[in-house]
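Hello,

Here is the structure I said I would pass on.

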Amino acid sequence: MTSLRETDVLIIGAGATGAGVMRDLALRGISSILIDRSDLNAGASGGNHGLLHSGGRYVSADTRTAAECHREADILKRIAPHCIDDCGGMFVAVEWDDETFARRFPDHCRDAGLPCKELSTDAARTREPALPGTVIAAYAVPDATIDPFALVLGHVDHAIHLGDSAYLPHTAVDVFEIANGVIEMAMCRDLRTGAETRIRARQVINAGGASTMDIAQRAGCSDVKLLYSKGTLLVSNTRISKGVINRLRVPGDGDILAPGGTVSLLGTSSVTVPRIEDNRPTVAEIDHILAEGTQMLPVLETTRFIRAFSGVRPLLAAPDAGGNARRASRRFLLFDHEDQGLKNFVTIAGGKLTTFRLMAEKTADLVAARLGNTAASTTSTTPLPQGDAIRWTEPGLAARDWYRRADPSDMIMCECEMVAQSAVDDITADAPGAESHMSLKAIAQRSRIGKGACQGAFCAMRVTSHLYDTGVYDSRGGLELMRAFLAERYRGVRPVLWGAQLPQAELAEILHCGLAGLDLMGSSTTGEPE
Amino acid sequence: MKRHTRHVTADLAVIGTGIAGCAASIFARDLGLTVAQIGHSGAMAYTTGYIDLLGVLDGRVLDDPWSGLDALRSTDACHPLARMTNHDIRTAFDRFVRLLGEMGLGYTAPGDRNVSALLPYGTTKPTLSLPDTMLPGSDALHRRAPALIIDFEGLQGFSATEFCTNMASVWPGLRPARLVFPGLEARPVFPEVMARTLETPVAQEQLADLIQPLLNGAETIGLPAILGLQAPDRVRARLEQLTGATLFEIPTIPPGVPGIRLREAFERELPRRGVLLEPQNKVSEAILRSTGVDLTVQGALDDLRIEASAAVLASGRFLSGGLKSDRYRVKETVLNLPVRQPETRDGWFSAEYLDPAGYPVNKAGIEIDAAFRPLGPDGVPASDRLFAAGVVLAHQDWVRQRCGAGLAIATAYGAVQAAAGSINAR
Amino acid sequence: MLKKSAETATIDFLATARALLPEGASYDACVGCGLCASGCPASGMFGMDPRRFINMAMLGMNEELSTTPWVWACTQCKRCAYICPMGIDVSLLVGASRSNWAKEDKPKGIVRSCAAQMLDESTSAIGLRSEDFVEIVEETADELRQNDPRFAEIEVRIDKPGAKFIINQNSREPAVEPEEMAPIWKIFDYVGADWTYASKGWAAENFCMFSGDDEAWRDMVKTRVDAINDLGAEIWVNTECGHSFYTLWKGIDRFGLEANFEPASMVSLYAQWIREGKLPVNSDWNVDNLKFTVQDPCQLVRKSLGDTAADDLRFVVETLVGKDNFVDMQPCRSANYCCGGGGGFLQAGMSKERRAYGKRKFDQIVTTKADYVLTPCHNCHSQIDDIGAHYGGAYHVTHLWTLICISLGILGPDERKYLGPELAAIGLPDPQ
Ligand SMILES: Cc1cc2nc3c(=O)[nH]c(=O)nc-3n(C[C@H](O)[C@H](O)[C@H](O)COP(=O)(O)OP(=O)(O)OC[C@H]3O[C@@H](n4cnc5c(N)ncnc54)[C@H](O)[C@@H]3O)c2cc1C
Ligand SMILES: Cc1cc2nc3c(=O)[nH]c(=O)nc-3n(C[C@H](O)[C@H](O)[C@H](O)COP(=O)(O)OP(=O)(O)OC[C@H]3O[C@@H](n4cnc5c(N)ncnc54)[C@H](O)[C@@H]3O)c2cc1C
Ligand code: SF4
Ligand code: SF4
């Protein structure tokens, strides 16, 4: 089965950048189709630290990036406050660290125009009781955290509501039909149904994150050169700190503990990997991050971690970085590919979540100009709207909302995060990507389901039952989708299985094998009576 | 205030109140031993109620568990079930199941073949003995008998629609229906609460009245496991009488009823059989002596000191607290016995989800000799008076092999026989 | 409905949990299985249950937890900790939350009861003063001596130094039904025990713990402990009551008080005296084979003495009513459900919730088909009586002391308030 769709602009990749471009264009009156081979935030945008960088981390090495972060963070705090926890941050050096380096921090901040306030050890520990007595220097900076899921959902939802833009999940670009320096057709595939979708667009934007190099090559462009840097993070069961705590030293591993709403994220590591598929967190990485992290925060030694995850940073290969990803540029580049002989193709690569808006603006500027649209970007001033179906990613929101409404007939499907049936129904009805077949995984991507301590052990089963009840699932395929969802969670759960997480994992395995028979699914004798 | 210590002596101390521990107490009483049993709530409270012996071997579903055991003996001699003869296993199983019947929980006598037991998600599992309340479901499946499957508004963990949909290919004549449980409208309902309510005649009648109009000729009705807690067979009989249909139960996900039934039945029955039962405290200290084992239990208000001539350790795995881990090693919690386990944490879990081979950590546990004596660090029994049973033992993967309760019962029998021998030899 | 005023402080529940919960039983150990919620009769009220309480603490919903009126519907019975494989005890945090409510927002009845107990050294929740207590006891004892020649010499002592036993007395009897004190006296007299009341701290109730006023709880326990220490009694006997037992020993423990006596439950003493032959009771009187069940008070069994107390209780009851006439509720012993009268629920003025909580107990009782429920606890007694009336139960609720006196043939004519018609005249001389 083949379908044909036409649009002004095709955007490949539904991470923060792609979503940002979609909205920027829509605000200028340009419609687009956004596709993702998986789903919203399937790439680095869904696998990062969630830091809305004040710039503090870059002041010593890259003043320009630092200043850029600072500016962009300020804009985002204004236009999308509901996606941001303006929790503040701190740079902290402990006994092991180089004090001379630490003491230069305020000067570097001044150079980048970044406010920074020295804190006494006591003041630092009052603010963050988790800090040890071994703190030797501490500075407060305006760090914040951002919920990339709310952000991206909000952008796509807004763009869709602004005009006839559309979002197509699980749609991957395969090949481009090129003639006369123009991409005439993008041949895409619906990876769930296997159907071919042909998309004709006047302009094609490659916002494929780590895959931009690959996508560019498919269009015959060899100018995008990336370094893949894998980063791994741990998620704790509860929130450990009020604000962001950064280690004040030459940027290294296990340096940052950032709150993520109701949890905390510890990370990261940084290793250069040859392929973007190498993104499973490993036991060795976890142990390494913890060994580093506990120096700054001894409480991490006894913290219950519920999950780990990895993302691949697409870094622009800088000539001087060698193999060292930490020294590679965190800047971004916009490729117009005109020297590659293409007139309607652009690639936006590199950068950070913090600077996604700026990246989107620059990209949209180029594309709009090519389309003869002279409207200027308004994303730095237009507030990001909120909506019923797209608000459920905020940690703790579902719980507070449920508690406030106190409707006992609104069953809670995910107890850990207290996500109610009504939230699930909202999402299946209206969230971007909603179709008749929104799966457990897609719902989880748009809510807190599966993100609590049980990591989906219970809620996967409850939501699956609900999807059967509501007719979304009508065959054993529903169980298979549940298994696939759990298999994906498992990748992140596996390296943190110790202590309190072991009984949890044991119970999950008993439930999924003993009560659902997932381990025998597919085996010839399963489920068949003798 | 003086903190009291009660002193108790017993022939046998049983550490753990799971299936293995309770079976051990019963077997020991049968032999005339005096028994003190200590434990806390644990994995047993979650169980489906099915008593598996051996349902899966090397990823294959077994029709005949007994020949499966024979195969196990030749391929995996360290498996705790491989240490016993089929005859002894059958004896243990038979006795245990009969005892459950005496306690008011009727079970089918273990036969020669596994039975396909129903699971809440519309799949099945091989088991050997099932509660009488669940048997008609397996029978109906076997006969492909048309059946009405009922679930309840507000009940999480069982969907009749899901059950029927997923069963459809093997059992076409199923029809789902949803009821509001009388008195529990517009609110979350727990199976335990429904089961408790269904023990009253009023609730039985109310439910039957709700079921009647749905029957539409159906002769068989499947319900989530809610047919009472202390006398499920009586509740079922009464509802069958009221509805004129055959009823069966399907287990639900935790918190479900069958595990609570077992736990409450043992709490009721063991003291009646003369077991000194301490059901809400764990052993805080255990000392091995040449003539027995001393245990200390810290109660809320006073302490208990047990001097036993022998002890059976049946403390379960991670869920029940018999094993625990830090970031580096798995440890046994009562006596710090050596735990057989993969070299490093990286080896505990496979890379692949539900790896068909089973996660290596599943087979971690304590090693025993042929007489069920746990081995110490030097590879010889830690004591002549200490025995072990249940899933705390190494070399088994009860979740994947579908052998949980059966393994607990069988090894409890083996351990108690050995313990009795050691006491009598004194 | 109860509402907390906005300005009261918010507790950091995770930090509190870290401080209160024993090692290994931290909230972090929760696997989310819901066994606690399934077994908690307060589940669903105000949208809460014990699992949800924990999850909300994890999510940092401190404001909601600091204000939810559910903390007054949880009776702190510890059933959740009992069934939780991880031993997680929600009642401790419920206690912390109660403490944090401003006095004026707390349920008036509990606060009033605690305040009454702080009025003078009698520690009575009904506000019965020491001198009144002494007077009522003496008057009642005089009447007994006059009316029943068998007890013409009975000694009822107050403040006797060096007595072996010192016993407490629930305020309900001296204040409302003084004649109900007599059976206990008769039993002590029968076994020839050397006992006394104390005029200070005699009352067998303690609502200050439930009102979340730790300081008052401590003060009251101190008053009682001092009185017992001063009289030099060896054993402090808690008569048929649950929470006055728990609050005393727990208070001694928690506040590090010096107590030179041992706490004992009346039930265990009954059992001991029966075993020793000092109380030659049997079930001969139960000619109609009336059926009895028994409520294991949470405070006495699960929260204090464990199944030893449950065993004693059953031994006493089975001896008294006949083995075949005793039917256990399910679950029972340490696993028993709270009746819903505990935790100050009876005093809190939340009768809708209290009765909803008690529905489970009612179903349990009805299932036993018992004619009588024996309740060695005053709160259980009142609650089980109330839910029986509310839900239409046909059972009576009685104290153990009544049956013991029946069996010994010493129950006076005016000591039968809680007996049904079948037993109302038992053992009385035929009027003809
Ligand atoms: C571990 C880690 C931590 C980080 N921490 C921070 C931080 O704290 N703060 C910060 O500001 N930045 C952080 N970053 C960087 C930030 O996450 C990324 O720069 C940003 O998310 C990139 O967004 P993107 O939209 O460009 O790419 P992505 O989010 O990777 O999106 C690309 C999308 O393209 C899709 N795609 C790929 N190929 C195809 C195809 N052929 N067809 C269709 N779709 C395709 C993918 O499925 C994916 O969804 C971190 C990165 C990592 C890896
Ligand atoms: C969800 C679920 C479903 C199941 N379904 C089935 C099924 O369908 N079929 C089947 O055959 N089996 C099933 N089982 C398994 C079965 O119920 C038993 O859990 C299993 O057989 C293990 O028994 P055990 O007695 O060895 O250990 P456990 O049941 O784990 O008991 C261990 C006991 O030891 C106690 N303990 C731990 N430490 C101490 C200490 N220091 N002092 C004193 N006591 C201590 C614990 O409190 C606990 O009571 C299921 C289990 C679960 C969890
Ligand atoms: S019973 Fe225990 S582990 Fe289960 S949900 Fe309740 S507190 Fe958590
Ligand atoms: S203490 Fe009792 S009432 Fe309170 S949460 Fe636990 S089980 Fe429920």
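Below are the notes on the cavities and the nonpolar cores.

Please keep in mind that this is a predicted model.

Cavities

There are 19 cavities of 30 Å³ or more. In chain A, helix H14 (477-493) and helix H15 (501-515) each contribute at least two lining residues; H15(A) has the largest share, with 6 residues. By type, the lining of this largest cavity splits into 13 nonpolar, 5 polar and 2 charged residues.

The second largest cavity has a volume of about 170 Å³. It is lined by 16 residues, and nearest its centre lie Glu415(A), Arg462(A), Gln156(B), Phe190(B) and Arg51(C). The lining of the second largest cavity consists of 9 nonpolar, 2 polar and 5 charged residues.

Nonpolar cores

The largest nonpolar core has 325 residues, and Tyr27(C), Phe53(C) and Trp185(C) have the most contacts inside it. The element that gives the most to this core is helix H11 (residues 404-424) of chain B, with 12 residues. Another core, of 50 residues, lies apart from the largest one and includes Ala140(B), Ala147(B), Val189(B) and Ala208(B).

As for Tyr27(C), leaving out residues up to four places away in sequence, its contacts are Ala17(C), Leu21(C), Phe53(C), Ile54(C), Ala57(C), Met58(C), Ile88(C), Asp89(C), Val90(C) and Leu93(C).

Regards

Note on methods. Residues numbered from 1 in each chain as written. Chains lettered and ligands numbered in written order. Predicted model: local features only at pLDDT ≥ 70, side-chain atom pairs only at ≥ 80, totals over all residues. Heavy atoms only, no water. 1 Å grid on protein atoms, 1.4 Å probe; cavity = no way out; pocket = protein on both sides within 12 Å on 5 of 7 lines; lining within 4 Å. Points joined across faces, edges and corners; volume = space filled by probe spheres on them. Helix = DSSP H or I, 4+ residues; strand = E, 2+ residues; numbered from the N terminus. Nonpolar A, V, L, I, M, F, W, Y, C, P; charged D, E, K, R; others polar. Core = buried A, V, L, I, M, F, W, Y, C linked by side-chain atoms within 4.5 Å. Buried < 20%, exposed > 50% of the residue type's maximum accessible area, 1.4 Å probe, protein only. Contact = heavy atoms within 4.5 Å.
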